[in-house]
Amino acid sequence: MKWSKSYLYTLKDAPADAEIPSHQLMVRSGMIRKVAPGIYTYGNLALRALRKLETIIREELDKRGCQEILMPMVHPAELWQETNRWSEMGDGLLKFENRNGHKFCLGATHEEVITDYVRKDIKSYRDMPANLYQIQTKYRDEIRPRFGLMRGREFVMKDAYSFDADSKGALKSYDTMYAGYKAIFDRIGLQYRIVEADAGNIGGSQTHEFQVLAEAGEDHLMVCDSCDFAANIEVAPAADKVPHLSADTTEKTLEEFATPGLKSIGTLSKATGVAERDLVKTMFFSANDGRDPQNKDLKPVAVLLRGSDEVNPVKLKNALGLVNPPLLLTDNEVKEVTGAWPGSCGPVGLKFPIYMDTGVAGLKNFIVGANKDAFHLRHVNAGRDFAVTKTVDLRLARVGDKCPKCSAGVFKSMRGIEVGHVFYLGTKYSKTMNATFLREDGSSHPIEMGCYGIGVSRTVQAAVEQSHDKDGIIWPVGIAPFHVHIVVLDPDNSEVSQSAEIIYRDLMAHGLDVFMDDRAERPGVKFKDADLLGMPIRINIGGRGLQNGEVEIILRKTKEMTKVKLESAVESVAAMVTQMKRASLQS
């Protein structure tokens, strides 16, 4: 493609609402333009990157026996009501009525639609295994869309669904897709980690995220410094490298003491001289996660943590068996259920469930609120002074926590962008939607399912977020809109123009995608735009170089420049692209 024939307009400055480098660069390079918050038009260069990624996805899934279909973006409410996700998904599901008063939503995900599709056809164990996928636009009504394609409302996604007769087959399908995802992200040429994760509203008993590593990543990852274990902080197991135990394990007599003005762990620690990690704080949540709008019951639960720890809402959600993370009680609600305002509350005397974090289990004779304003209790002990409903890991993991996989490692912190997610769903949807089949013995059984997603548009921006510098994008060769960017320095010079045209055509004859800047612009402008657009290889062709029979080849990633003879330029560049592709697979 030639710039003079293209629809491409770059910007010197990024818009004010572009907060992270990839968003800024994709707008400045003309790859995306905002239509409304979280909704974008893709320019030709962005679309080329998307299509290349889609090709990689199709090739890897097709070779593993998957078949592509296309489902609608508009879904009838009845399907979502079958699984109760019409209410569970909350406001993220954009709902509307047609002219006949029938309720619909825009597809945020397609588990219901695909389950409805297969339940009409799969009747026997002989019909499985099957794996169907689509590449489709989705819509989620994000409360605060931001970061361009990273957290948009409308986005492009690949979602696949496997169907098997038993859990053994389903887990085999899971492993096949897991390997397929590795091949996809390896071919793109991204640095990524596979991490354990929470299934969220999708559901399922086994799930992994594919996270592209980037400083601006929204997800916080805990990664072992000695082995390959990695987990999203939402589910990362929290355990001290050295167990933290109270020095004195003899249970002492319970005492009440006045604590006027001491309403936080910090002030209580200073006043008592007890370290925050040896204090115990009590937090209050509602086990009613709002799935049933008619049920307004508070369902209070207490959560005990060490004073230095923070509650992990996803772990608490899972411990309580909820679909959504529980809501923290308001100050008035805490007063209603405990008799005291927050800061003076504790577990002693409570008449509702108490969940204790494992970090508290090693503490004896600790201090908690007395459920009496401006008073606390010291020498409190679990079991003797209050009953624990369940002791479970409820805190956020931290740097230095023990790796659950190896004995030597501890957690270090990294940031990631979730670009892929694989779920083993089991029978969550098939049982609810009556998608059953007949086994060999004639008995009926719900289909075992798996679900596998890749954020196509998000992955393209994640590649930019991971690979850029102060001058612009550095595209990985696997999804670069073009492999080569030819800069014609003297377009009015017939020898330069003819030489550029020959190289342009010969490179395309070698199967390379080539972009040529043939504008009547100053070289400095062209160089800046070339760096901004970020194609892997740039060729500078100018009159001065041709006097010596040479052209310049510049690698975008390293900015290394090599002068080669005009007649060997095409072969040199073709070899460089081949080497880049090999290197991305080996990294």
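Mentor: Let us begin with a definition: two strands count as paired if DSSP finds at least two bridges between them. Please keep in mind that the structure before us is a predicted model.

Trainee: What makes strand β7 and β8 a pair?

Mentor: Ten bridges join strand β7 (residues 130-139) to β8, and the two run in the antiparallel sense. Since the definition requires at least two bridges, β7 and β8 therefore count as paired.

Trainee: Why is strand β8 described as largely enclosed?

Mentor: A residue is buried when its relative accessible area is under 20%. Strand β8 covers residues 154-164, and ten of its eleven residues are buried, so the rest of the structure largely encloses this strand. For the protein as a whole, 51% of the 587 residues count as buried.

Trainee: What makes helix α8 mostly covered?

Mentor: Helix α8 spans residues 313-320, and six of its eight residues are buried. Those six are Val314, Lys315, Leu316, Lys317, Ala319 and Leu320. Their cover includes the strands β14 (280-286), β15 (300-306), β17 (354-357) and β20 (390-392).

Trainee: Why is Lys299 called partly exposed?

Mentor: Partly exposed residues lie between the limit for buried, under 20%, and the limit for exposed, over 50%. Lys299 has a relative accessible area of 41%, so it belongs to the partly exposed class. Lys299 sits in the loop between β14 and β15.

Trainee: Why is Asn434 called exposed?

Mentor: Asn434 has a relative accessible area of 56%, and the cut-off for exposed is over 50%, so Asn434 counts as exposed. Asn434 is placed in the loop between α10 (428-432) and β22 (436-438).

Trainee: What makes the phi of Lys299 worth noting?

Mentor: Most residues other than glycine have a negative phi. The phi of Lys299 is near 50°, which is a positive value in a residue other than glycine. Asn434 likewise has a positive phi, near 60°.

Trainee: Which peptide bond is cis?

Mentor: The bond from Met128 to Pro129 is cis, with omega near 10°. Most peptide bonds are trans. Pro129 belongs to the loop between α5 (111-119) and β7.

Trainee: Why are β13 and β18 placed at the edges of their sheet?

Mentor: The open sheet in question has three strands in the order β13-β19-β18, with antiparallel pairing. β13 (255-258) and β18 (366-369) each have a single partner strand, so one side of each is left without a neighbour in the sheet. From one strand to the next, the twist averages 30°.

Trainee: How do you know that β13 and strand β19 pair?

Mentor: Four bridges connect β13 with strand β19 (residues 375-380), in the antiparallel sense. At least two are required, so β13 and β19 are a pair.

Trainee: What makes β28 and β31 edge strands?

Mentor: They belong to an open sheet of five strands in the order β28-β27-β29-β30-β31, with mixed pairing. β28 (514-517) and β31 (561-565) each pair on one side only. Neighbouring strands of this sheet are turned against each other by 25° on average, direction ignored. Strand β30 (residues 550-555) pairs with β31 over five bridges in the antiparallel sense, and Ile553 has Thr562 as its bridge partner in β31.

Trainee: Which strands does helix α12 lie across?

Mentor: Helix α12 (residues 494-509) lies across β27 (484-488), β28, β29 (537-541) and β30, and runs at about 170° to β27. Helix α13 (residues 523-533) lies across β27, β28 and β29, at about 175° to β27.

Note on methods:
Residues are numbered from 1 along each chain as its sequence is written. This is a predicted model: local features need pLDDT of at least 70, side-chain atom pairs count only at pLDDT 80 or more; totals for chains, interfaces and linings use all residues. Side-chain values use heavy atoms; hydrogens and water are left out. Axes are lines fitted to C-alpha atoms, for helices over the stretch in contact, and angles run from 0 to 180 degrees between N-to-C directions. Buried means under 20% relative accessible area, exposed over 50%, partly exposed in between (1.4 Å probe, protein chains only). Contact means heavy atoms within 4.5 Å.
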